Amino acid sequence: MTTFEIKEDFMLNGEPFKILSGAIHYFRVHPSDWYHSLYNLKALGFNTVETYVPWNLHEGKEAEFYFEGFANLEKFIQTVAELDLYVILRPTPYICAEWEFGGLPAWLLQKDCKIRSSDPKFLAYVRRYYEALMAKVVPLQFTHGGPILMMQIENEYGSYGEDKAYLKAIKELMEELGVDVPLFTSDGSWLATLRAGSMIEEGVLPTGNFGSKGQQNFAELKKFQEAHGKNWPLMCMEFWDGWFNRWAEPIVTRETDELVAALREVLELGSVNLYMFHGGTNFGFMNGCSARGTLDLPQITSYDYGAPLDEQGNPTEKYYAIQKMVKELFPNIQQKEPLVKPSLSVNQIPLTNKVSLFEVLDDISEKITTKYPKTMEEVGQAYGYMVYRTKVQKDAEEERYRIIDGRDRAKVYLNGEHIMTQYQEKIGEDIFVQPPFAENELTILMENMGRVNYGHKLLADTQRKGIRQGVMSDLHFILDWEQYALAFDQPLTIDYTKAWQADQPAFYQYHFELTDLADTYIDLQAFGKGIVLVNGYHIGRFWRKGATQTLYVPKGFLNEGQNEIVIFETEGEYAATLDLVAAPIFDLKEKTLH
């Protein structure tokens with residue numbers, strides 16, 4: 001009988017077992033590339049893969065569960081098993097992971113409940129989700145002949161709360177639904193977070209998250225265990241081998257030699273999970289956001305992370321250096337040459353069509369009419385953009401408008417003419433205009449740039465998007481609004497025979513043919529800000545503020561024969577031709593957001 005136990009060591013089938021794990025998030029890697037990334041993990045000499053499970057991927061719409069395509073967790077785990085790897089699964093309600101709202105579904109913002117707490121209302125939503133999720137993963141546990149060795153109860157809860165009744169409720173729910181592999185928590189390796197976030201009294205393994213100073217961090221973790229009469233193995237559940245990146249900031253880097261030395265220190269003392277092994281991509285609107293003071297700073301589409309595999313999934317300098325060091329430490333370990341994917345380039349793809357957003361609003365979105373403007377969440381929209389439109393009367397030669405409490409970025413138009421762009425800290429400031437007519441059309445394009453994924457701002461009231469109070473003219477609120485949700489979660493039929501107008505948000509369509517498929521990158525240096533659809537797939541956001549100037553396109557999104565790229569651009573900037581390039585392009589200068 002196969003067994004996995006936590007004693008003085010991790011014990012696999014009665015023998016001590018050092019966990020050499022790497023993080024690969026199935027939801028950040030195209031399913032056709034799962035094997036490639038997992039093979040390269042095994043080729044490194046590692047034996048385990050770790051992944052989070054994002055709630056908002058699997059229950060993006062309330063009570064509608066999705067486990068296909070990128071969300072096919074069963075298929076991912078089955079691919080792991082085919083390669084004789086093991087799994088550390090982190091199916092927690094909250095994941096952080098620089099992922100939109102830390103994996104929490106946006107519809108929770110409309111519920112009267114306290115997230116990440118023992119609030120019975122919140123736990124009822126978790127139960128409904130877990131009943132669907134655990135039915136998929138319980139049969140894949142090691143105790144059932146599958147590859148899942150351990151599961152996590154909550155994620156870095158000691159950096160958020162100390163509601164032990166909540167942690168106990170999650171543990172008991174998991175066990176009730178059939179989880180019988182060992183459970184763990186992961187927190188920073190210092191007393192305050194370990195005390196608040198662990199369940200060591202309940203027999204749950206505490207692990208640490210850190211990226212350096214292995215001896216010091218493991219000493220703190222060991223001290224915490226001994227204070228509770230435990231002598232369990234030490235594990236760094238997130239060894240940060242790189243870091244995430246935000247718009248307008250230079251790419252964060254970590255020197256290879258320093259990384260390898262820090263990792264060696266950890267491996268000499270305990271087990272490890274490299275965070276990340278393959279970072280991948282925040283496809284769609286799934287990038288997270290950092291909370292800094294009054295500002296929320298959204299993260300970029302690429303989740304390359306400076307990991308041993310780059311965004312495309314190919315080995316980097318770090319990969320080979322880690323592989324060499326691991327062989328030195330463990331001479332009997334089995335290693336192989338990693339797989340390397342090719343890339344393609346296509347130059348001068350001509351613009352086929354273009355049309356202004358405001359011309360096709362009624363074609364691509366259903367109009368919602370209300371007296372006061374509604375937030376995105378109030379109309380059932382989780383992500384994307386919202387167009388607000390109304391008629392305003394001219395009361396003076398110069399009018400003053402103000403958006404009261406809006407998130408995250410507003411582009412304001414009067415009679416189709418762009419008059420102001422405001423971003424977070426500027427929203428609420430005066431907008432002065434000189435209306436030409438007795439009655440004028442006021443249009444505001446609001447963009448949700450991503451919800452925070454970590455910290456105190458997870459509390460619901462801070463993360464609603466769109467216009468949250470209203471819009472004022474002079475000293476009064478303007479009434480009678482039309483709203484158009486632009487979530488880009490359904491195929492669009494765009495009428496390109498309609499008009500295009502300069503300096504307005506617009507759609508730009510490009511067609512090209514391919515005979516051989518490979519990964520590629522779209523060069524977006526000529527464009528301002530927006531998103532890209534490749535054959536209908538939303539591959540993510542771009543912004544000239546950078547530092548990335550390209551978007552990664554896995555070959556799984558491409559077709560042999562005819563292909564279509566549609567760019568939704570909000571700044572009125574575009575190019576008559578488009579290039580696909582074989583490698584990412586960076587602009588490493590820090591810039592000011594606006």
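Mentor: Helices here are DSSP runs of H or I with at least four residues, strands are E runs of at least two, and both are numbered from the N terminus. Before we go on: this is a predicted model, so local features need pLDDT of at least 70 and side-chain atom pairs count only at pLDDT 80 or more, while totals for chains, interfaces and linings use all residues. Residues are numbered from 1 along each chain as its sequence is written, and side-chain values use heavy atoms, with hydrogens and water left out.

G214, N217, F218, L221, F224 and Q225 are the buried residues of α7. Looking down the axis of α7, you find these buried residues within an arc of 115°, so they line one face of the helix; the arc is that of the directions from the helix axis to the C-beta atoms.

What sits over that face? The cover on the buried residues of α7 includes the helices α6 (191–197) and α8 (256–267), along with the strands β9 (205–210), β10 (235–240) and β11 (271–278). Contact here means heavy atoms within 4.5 Å.

The helix length checks out too. α7 covers residues 214–227, and at 1.5 Å a residue its 14 residues should span 20 Å, which agrees with end C-alpha atoms that are 20 Å apart. The expected span is 1.5 Å times one less than the number of residues. After α7 comes G229, with a positive phi near 70°.

Zooming out, the protein chain has 10 helices and 31 strands. Its C-alpha trace spans about 85 × 55 × 40 Å along the principal axes. For 594 residues a compact globule would have a radius of gyration near 25 Å, and the chain's 25 Å agrees; that radius is taken over C-alpha atoms, and the rule is 2.2 Å times the number of residues to the power 0.38. Buried residues make up 60% of the 594. Of the contacts between residues at least 6 apart in sequence, 79% join residues at least 24 apart.

Note on methods:
Buried < 20%, exposed > 50% of the residue type's maximum accessible area, 1.4 Å probe, protein only.
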